[in-house]
Amino acid sequence: MNVKILLLAGPRCHAFRVGLYRLTNSPCRVCRNSRAYATQDLPGRLPTSSRKQVTVTNDDGRVHWKELTVKEKVARTTQQTFNFGIILTGLVMTGGCAYFLYTEIISTDSKTVQFNRAVDRIRSDSRVKEALGSDHKIRAFGEPTWNRWARARPIASNRYKDSQGTEHFMMHFNAEGSSRRGIVNLHTFKAPGKAEWEYKFLALDVKGQPRIYLENSDFTPRKDTSRVNFLGMQLRK
């Protein structure tokens, strides 16, 4: 006990007490480095222990792929595959709608274009106005249906190609005026290499009246071959 007192009272007492104070009140370099390493992380990244687990429903892509666990990688792959499937389905449906609109409404080969062209011809013909009545605009529509509320009535049509490659289109629909109703029949064809449809015939049938032909390519006036023209005189064979 006396020895310890003498050491503290010696000439190096002050230096010893300062060193002892620094040793007991300041953490060691290893402890400070370990704490700094435990708390420091790269900018923009969340520590794995503190971030929320990534699932199919909450993945927003913020967590880097290398930081994901195997389960979280499966969840992200599933989510991205599902999103890609939705986008692909939307593209297919958009393309299908565009194809349907072109083939059924816009294209010259569509049923709608053929119908509208025939209706315009009928409404502008004076013989049709006289047969159906011209007190108001002539109405054209398709086949009658059981649903009286249905506005779009189906139009009967048929398309085929013959052995020579000529396309044929046939259609019939109803036309109604102020006094009568009739049935319109049309037959158009398109030869190979041609872009436009030509009428074979376009006719209106009204009950009790003769058929009205607006177009009829089968009717061609025949020349009288029984007479011969000689020096301005008609000679019979």
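Biologist: Charges to start. How many salt bridges does the structure hold?

Modeller: The count is 9. Keep in mind that this is a predicted model.

Biologist: Which residue forms a salt bridge with R51, and what separates the closest N and O atoms?

Modeller: E72 is the partner of R51. The closest N and O atoms are 3.0 Å apart.

Biologist: Where do R51 and E72 lie?

Modeller: R51 is in the loop between α3 (29–39) and α4 (70–106), and E72 is in helix α4. The two are 21 residues apart in sequence, so the pair ties those parts together.

Biologist: Are R51 and E72 buried or exposed?

Modeller: Buried, both R51 and E72.

Biologist: Which residue meets R121 in a salt bridge?

Modeller: E215 does, with 2.7 Å from N to O. This pair links distant parts of the chain. R121 belongs to helix α5 (residues 111–123) and E215 to strand β6 (residues 212–216), 94 residues apart.

Biologist: What is the relative accessibility of R121, and what is the relative accessible area of E215?

Modeller: R121 has 28% and counts as partly exposed. E215 has 26% and is partly exposed.

Biologist: And R211, what does its side chain meet?

Modeller: The side chain of D205, in a salt bridge of 2.7 Å, N to O. R211 is partly exposed, at 37% relative accessibility. D205 is partly exposed as well, with a relative accessible area of 27%.

Biologist: Which residues are linked in a network of salt bridges?

Modeller: R139, E176 and R181 are linked that way.

Biologist: Which strands pair with β4, and in what sense?

Modeller: Strand β3 (residues 167–176) pairs with β4 in the antiparallel sense, over 10 bridges. Strand β5 (residues 198–206) pairs with β4 in the antiparallel sense too, over 8 bridges.

Biologist: What joins β3 to β4?

Modeller: A hairpin, through 4 residues.

Biologist: Now the inside. How many residues are in the largest nonpolar core?

Modeller: That core has 22 residues. F173 and L186 have the most contacts inside this core.

Biologist: Which elements each supply at least two residues of this core?

Modeller: Helices α5 and α6 (126–132), plus β3, β4, β5 and β6.

Biologist: Which residues does F173 touch?

Modeller: Leaving out residues up to four places away in sequence, F173 touches F115, A118, V119 and I122, among others. The list also includes A140, F141 and I155. G182, I183, V184 and L186 are on it too.

Biologist: And why would nonpolar side chains gather like that?

Modeller: In soluble globular proteins, nonpolar side chains tend to be buried together.

Biologist: Last topic, the surface. Which residues make the nonpolar surface patch?

Modeller: F84, I87, L88, L91 and V92 make the patch, about 550 Å² in area.

Biologist: Pick I87. Where does I87 lie?

Modeller: In helix α4. I87 counts as exposed, at 56% relative accessibility.

Note on methods:
Residues are numbered from 1 along each chain as its sequence is written. This is a predicted model: local features need pLDDT of at least 70, side-chain atom pairs count only at pLDDT 80 or more; totals for chains, interfaces and linings use all residues. Side-chain values use heavy atoms; hydrogens and water are left out. A salt bridge is a side-chain nitrogen of Lys or Arg within 4 Å of a carboxyl oxygen of Asp or Glu. Buried means under 20% relative accessible area, exposed over 50%, partly exposed in between (1.4 Å probe, protein chains only). Two strands pair if DSSP finds at least two bridges between them. A nonpolar core is a set of buried Ala, Val, Leu, Ile, Met, Phe, Trp, Tyr and Cys residues joined through side-chain atoms within 4.5 Å. Contact means heavy atoms within 4.5 Å. Patches are made of residues with over 30% relative accessible area and no salt bridge: like charges are joined within 9 Å, nonpolar side chains (Val, Leu, Ile, Met, Phe, Trp, Tyr) within 5 Å. Accessible areas come from the Shrake-Rupley method with a 1.4 Å probe; for residues, only the protein chains shown count as cover.
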